[in-house]
There are 2 protein chains.
Amino acid sequence: MNGAGALIKTLVDSGVTTCFMNPGTSEMHFVAALDEVPEMHSILALFEGVATGAADGYARMTGKPAATLLHLGPGLGNGIANLHNARRAHSPLVNIVGDHATYHHQYDAPLESDVKSLAMNVSGWFQSSTTPDEVALHAAQAVRASYGPPGQVATLLLPADLAWSQASGSAKPLEVPPRPKVSAEKIKEIAQVLESGEPTALIVGGNVLRLQGLELASAVSKKSGAKLLAETFPARLERGSGIPPVERLGYLAEFVVAQLSGIKHIILVDAKAPVSFFAYPNQPSDLVPEGATLHTLSELGHDAIGALSELGDMIGASEPILLNREIPGKPTGSLNAEKLAAAIASTMIEDLIISDESNTGGIFIAGATAGGPPHDVLTLTGGAIGQGMPVATGAAVGAKGRRVLSLQADGSALYTFQSLWTQAREGLDVTTVILDNRRYAILEMELSRVGAGSPGPIALGMLDISNPDMNFLELAKGLGVPATRAETAEELSDAISKSYATEGPHLIHAVLPEGIGY
Amino acid sequence: MNGAGALIKTLVDSGVTTCFMNPGTSEMHFVAALDEVPEMHSILALFEGVATGAADGYARMTGKPAATLLHLGPGLGNGIANLHNARRAHSPLVNIVGDHATYHHQYDAPLESDVKSLAMNVSGWFQSSTTPDEVALHAAQAVRASYGPPGQVATLLLPADLAWSQASGSAKPLEVPPRPKVSAEKIKEIAQVLESGEPTALIVGGNVLRLQGLELASAVSKKSGAKLLAETFPARLERGSGIPPVERLGYLAEFVVAQLSGIKHIILVDAKAPVSFFAYPNQPSDLVPEGATLHTLSELGHDAIGALSELGDMIGASEPILLNREIPGKPTGSLNAEKLAAAIASTMIEDLIISDESNTGGIFIAGATAGGPPHDVLTLTGGAIGQGMPVATGAAVGAKGRRVLSLQADGSALYTFQSLWTQAREGLDVTTVILDNRRYAILEMELSRVGAGSPGPIALGMLDISNPDMNFLELAKGLGVPATRAETAEELSDAISKSYATEGPHLIHAVLPEGIGY
């Protein structure tokens, strides 16, 4: 067994059984070794950003890491944006980057670059092996490290000569560290805040946004009167009828200011203090209201569920608020953002997974789908666009048997559109809806919000993607995915329902009014 | 005038009049300021790798930098692979990366990351401004730094608050440093080597690969009997009838070993010593033959032309060898790699610019086109695939009036396919030929060369991109570029000639036999 074989065997023994890859020459021994360890499910991507985003989506749905296999610095570079999103999602991810042979660096061959500097941008753990026997050991360490807590990107640099050299065998899986417990004093302190009667907000994130956590948090909120809020961009949020509702903090600073108006105490539960996504002239970046006190019940990655449970017991919380089923009627007529939302909500099926990169065109979707059948929403955690379609791809791999709805704004669709090819190749049940308003509409809005004055024709031209218009039907078919165009609400509802009833991927091109369509 | 306006004005005053961009919210003041400085030609890309590769292609054809405008760490990440290629091409490039406001970093907002660590992977010069007035000064410095010599990527981080704050005005252009002269002693030393009568190779690169340099180098070679060779992947090589021919060093180590067999002296002229592209088990990385002595006439970026001129005078060199026009006849019948090469060669027009990422399918093209009309070839300098189409795009912008032929292997076509949209938007005269063999054929070859044994079905599956087959016609049309399919040599020749006679971009899908088609 060579170093590559020992690596793959160690990954599989450690529970990492899926690898999203885009390999090159320096990874050929890894690829060749795949046949020795058939338990590893290898999934090819045409572009590295698809592989890294898919690993993120897989982790969000399974709670465990997938591996990626990338080719040297440039391959890692192509994967950086979605590794950034994975880092912000706290997704466990084992990021394997093939490198030149250890002795080859000195020659500064064309593909040579400082891979470590790139990796450090996104990795909570980094290691580069120096002997063949270290490779398997480092693989086991990488898997453990990826779990954090909180989850993180663990990057392992695999020099080609260590991959091809004989190794003494695979390494034993390492135990994953448990989430640190929250102290009884801390819980008592928070209970006192809740019992103070002062206006309080409970901001929850991470795994509190799954059913159990939401039930606990909702019960605490109901009993104490604290306002329950979720972080702005959750990695995974369970919602729908029968699940406690939670209002997400807004993307725009002015919305958050309104949401937290009058609040005197903010309690963070596996979430960070609210800050503005971008800085704006004469606007605060720190969105904690003046005079309010920040408290942390549970740090990121700590045992928030346990803490909420104890906290609930302490203050006598009992039942959570559960949402009733409430689904909008089927919309009719030519599409706009509201009807698009209603079409999506009225066609929902049980256990849908929504990968949401709908941006401006999708503004009404969260509201319309709130009372629909139970579903998961995966959001753009790190703000690096081009996440939605890869995450949808990986979620479909990780949650086989569930349908994924990939809501994709047109402006960010072309970053990682190659995802469709992997969806077709793997026969994944992904319905992609392109929200086409022919604009970087969010930038039109931001251009006005940043106080840049009234934009001239050159500036506006840089936000206009209608010249030429993209034909998403042709693009989808070009990558092997059948596609349908929808100009009316009826066409959209019909196309969505048909896709849900048909195995494999489908793309629907939803034509919205130009610009910010609401 | 705000910081952004001062920056753009300084760029334009310094001769940087083209900006390839994919901006986000933190770049909105830059975008808004574009209307104040209409001399700046702003070109939008749907993906950052298109913008960075286009800036590289622009620099190769004009000898001067374009600017790029990217959005924070993830935007830079998406542009890294082609910045890597630009670095290897020694292309001058002013890489502007928008960043959060200086005071916003402390809040660790979702898009926050260590941008500098990414930038250092590719940048020969890096600066982050800290006051609005520094911005313009740094811009002038960035332009100067980008010229090197040799040319390099100069990255300027532009915090949003400095872009939007009032600045005292633009900065004066700085003088570009001249190429250092080569000493008379050095030239004399090299003359003695050439006059020793021992087998000698003259390896030329950089701007020696343009007409004047090739004439001088060829004359030296002819007079001295030294073997004239070019670096493996030139940024820009002039070739064709009436131009001195130069043999490029091979991509495969075993080819280079043959090319340098028996050589006792290697003289480097604006080129690096030959090394293997990748490391292979039991193969040398250093390809300088044992016992041969390395000499350097001119370091990278030094005045190689001046040195060659003096060297030629010293040894009494006179006339270069000029190639006669010799064009293959038009091929007929179903396509293969040889007929594809003949079709390309037999349809060549004067002053064609070839952006070559044809890889395995293009193996015969260099030979077939050698005696064609004078043309430029731009090659994959850094080995990061996904360069060909962006470089073609930027070359067409930089050399308006000349036709660009973008030779693109199918496997690497989908990295930066979004280039087509920018070509359509700008009406660029680019003919793209997709060489479709449904394989990462180069990896099939490498898999056998790295001694990874006989590959199993899983490994082979990772090199097979025929499931599903990509439909390049649909993909091109989806991005607004008309397209034609060619299965025979006649169809290919006809489609190429028609595209040359028609303004704007066109894509031709050339269907080759599967796998390594020769």
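Me: Which residues are buried in α16(A)?

Reply: A residue is called buried if 20 or more other C-beta atoms lie within 10 Å of its own, exposed if 12 or fewer do, and partly exposed in between, with C-beta atoms placed from the backbone. In α16(A), the buried residues are Ser419(A), Leu420(A), Trp421(A), Thr422(A), Gln423(A), Ala424(A), Arg425(A) and Glu426(A). Helix α16 of chain A spans residues 419-426 and is mostly covered, since eight of its eight residues are buried. Helices (H or I, at least four residues) and strands (E, at least two) are DSSP runs, numbered from the N terminus.

This is a predicted model, in which local features need pLDDT of at least 70 and side-chain atom pairs count only at pLDDT 80 or more, while totals for chains, interfaces and linings use all residues. Residues are numbered from 1 along each chain as its sequence is written, and chains are lettered from A and ligands numbered from 1 in the order in which they are written.

Me: How should I read a pair of helices, and at what angle do α8(A) and α11(A) cross?

Reply: Axes are lines fitted to C-alpha atoms, for helices over the stretch in contact, and angles run from 0 to 180 degrees between N-to-C directions. Helix α8 (residues 184-195) and helix α11 (residues 304-315) of chain A have axes that come within 10 Å and cross at roughly 50°. Angles under 35 degrees count as roughly parallel, over 145 as roughly antiparallel, 65 to 115 as roughly perpendicular and the rest as oblique; α8(A) and α11(A) are therefore oblique to each other. A crossing is left-handed if the near helix is turned anticlockwise from the far one by less than a right angle, and right-handed if clockwise; that of α8(A) and α11(A) is right-handed.

Me: Which residues of α8(A) and α11(A) meet?

Reply: Two residues are in contact if their C-beta atoms, placed from the backbone, lie within 7 Å. From α8(A) come Ile187(A), Lys188(A), Ile190(A), Ala191(A), Leu194(A) and Glu195(A), which meet Ala307(A), Glu310(A), Leu311(A), Met314(A) and Ile315(A) of α11(A). By class, the residues of this contact between α8(A) and α11(A) are eight nonpolar, no polar and three charged, where Ala, Val, Leu, Ile, Met, Phe, Trp, Tyr, Cys and Pro count as nonpolar, Asp, Glu, Lys and Arg as charged, and the others, Gly among them, as polar.

Me: Turning to chain B, is Ala191(B) buried or exposed?

Reply: Ala191(B), found in helix α8 (residues 184-195) of chain B, is buried, with 20 other C-beta atoms within 10 Å. Not counting residues up to four places away in sequence, Ala191(B) touches Leu311(B), Met314(B) and Ile315(B). Ala191(B) and Ile315(B) are 124 residues apart along the chain, yet 6.4 Å separate their C-alpha atoms.

Me: At what angle do α1(B) and α6(B) pack?

Reply: Helix α1 (residues 3-13) and helix α6 (residues 132-146) of chain B have axes 8 Å apart and pack at an angle of about 20°. They are therefore roughly parallel to each other, and the crossing of α1(B) and α6(B) is right-handed. Their contact joins Gly3(B), Ala6(B), Leu7(B), Thr10(B) and Leu11(B) of α1(B) to Pro132(B), Val135(B), Ala136(B), Ala139(B), Ala140(B) and Val143(B) of α6(B), and by class it has nine nonpolar, two polar and no charged residues.

Me: How are the domains of chain A divided?

Reply: Domain bounds come from an automatic or database domain assignment, which here gives domain 1 (3-164), domain 2 (184-315) and domain 3 (337-511) of chain A. The centres of domain 1 and domain 3 of chain A, taken over C-alpha atoms, are separated by 29 Å. Their contact takes 26 residues from domain 1 and 26 residues from domain 3 of chain A.

Me: How many residues of chain A are in contact with chain B?

Reply: 83 residues of chain A are in contact with 82 residues of chain B. On the chain A side, helix α4 (residues 72-89) of chain A gives the largest share, eight residues. The residues on that side of chain A divide into 48 nonpolar, 26 polar and nine charged.
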